[in-house]
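Have a look at the sequence and the fold first, then read on.

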Amino acid sequence: MRDTLVLNASFEPLSTVTLRRAVVLVLQDKAVVEQAHPELRMRGAAVDIPAPRVIRLCHYVRVPFRRRAPWSRRGVLVRDRHRCAYCGRRATTVDHVVPRSHGGQDTWLNTVASCSEDNHRKANRTPEQAGMPLLRTPFEPTPADAMLLALGQDDFDALPGWLARSAA
């Protein structure tokens, strides 16, 4: 699970990495811990450091400009915080607002998180045809917001004010 946010030296979000990879970067002096988990510590024979939640690289890394966050099923579930867009219960599947058989595409604006019951009930219809209005309108997250959302709602809310963004 990727649960540590990596910031560039300029404090812009770059990616998320595993806790193990984050610790390696800190121990190799390639990154510094900006925020740590309050209760977790990483201990070894000669090491005792707080488990990093947010790290910042020591040297600036130039990255190509990304206009859009890549679409994925996991990304849609994370964007919608695993809540069904029709009933609000726990979502486990992704539903197409305009079904693929009617020309709907795999895009951020055409897909929503859905529980399997509502996905089956809606079937091959639009929400209007099925009489199932959306609780939230789908949106396309920025690449930086997609990374922050990938940390999960609890972690996202706990991020410092200078880093947190309005993603919903």
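An aromatic ring does take part in another kind of arrangement: Arg-79 sits over the face of Phe-139, 5.5 Å from the ring centre. For that label, NZ of Lys or CZ of Arg must be within 6 Å of the ring centre and within 35 degrees of the ring normal.

A word on how to read the values. This is a predicted model, in which local features need pLDDT of at least 70 and side-chain atom pairs count only at pLDDT 80 or more, while totals for chains, interfaces and linings use all residues. Residues are numbered from 1 along each chain as its sequence is written, and side-chain values use heavy atoms, with hydrogens and water left out.

**The overall fold**

The protein has six helices and six strands, taken as DSSP runs numbered from the N terminus (helices are H or I with at least four residues, strands are E with at least two). Along the sequence they follow the order β-β-α-β-β-α-β-β-α-α-α-α. Of the 168 residues, 43% are buried, where buried means under 20% relative accessible area, exposed means over 50% and partly exposed lies in between (1.4 Å probe, protein chains only). The protein exposes about 9,900 Å², and carbon and sulfur atoms supply 52% of that area; the areas come from the Shrake-Rupley method with a 1.4 Å probe, and for residues only the protein chains shown count as cover. Among contacts (heavy atoms within 4.5 Å) between residues at least 6 apart in sequence, 58% join residues at least 24 apart.

**The nonpolar cores**

In soluble globular proteins, nonpolar side chains tend to be buried together. A nonpolar core here is a set of buried Ala, Val, Leu, Ile, Met, Phe, Trp, Tyr and Cys residues joined through side-chain atoms within 4.5 Å. The largest such core has eleven residues, including Val-6, Leu-14, Val-23, Ile-49 and Leu-57. Strand S2 (13–18), helix H1 (19–27) and strand S4 each give two or more residues to this core, and H1 gives the most, with four residues. Leaving aside neighbours within four places in sequence, Val-23 is in contact with Met-42, Ile-49 and Pro-52. A second, separate core has eight residues, among them Cys-84, Cys-115, Ala-130 and Met-132.

**Salt bridges**

How many salt bridges does a search of the whole structure find? The search finds seven, each with a side-chain nitrogen of Lys or Arg within 4 Å of a carboxyl oxygen of Asp or Glu.

| Pair | N to O distance |
|---|---|
| Arg-56 and Glu-34 | 2.7 Å |
| Glu-117 and Arg-89 | 3.4 Å |
| Arg-121 and Asp-118 | 3.1 Å |

The side chains of Arg-56 and Glu-34 meet in a salt bridge that links distant parts of the chain: Arg-56 is in strand S4 (residues 48–57) and Glu-34 in strand S3 (residues 31–43), 22 residues apart. Glu-34 is partly exposed, at 29% relative accessible area.

Glu-117 and Arg-89 also form a salt bridge, again between distant parts of the chain, with Glu-117 in helix H3 (residues 116–122) and Arg-89 in the loop between helix H2 (73–79) and strand S5 (93–96), 28 residues apart. Glu-117 is partly exposed at 48% relative accessibility, and Arg-89 is partly exposed at 44%.

Arg-121 and Asp-118 are a local pair by contrast: they are three residues apart in helix H3, so about one helical turn separates them.

Arg-41 lies in strand S3 and is partly exposed at 38%. Not counting residues up to four places away in sequence, Arg-41 touches Asp-48, Ile-49, Pro-50 and Ala-51. The C-alpha atoms of Arg-41 and Ala-51 are 4.9 Å apart, although the two residues are ten apart along the chain.

**Two backbone details**

His-82, in the loop between H2 and S5, has a positive phi of about 55 degrees although it is not a glycine; this residue is partly exposed at 26%. Ala-123, in the loop between H3 and helix H4 (127–130), likewise has a positive phi of about 55 degrees without being a glycine, and Ala-123 is partly exposed at 45%.
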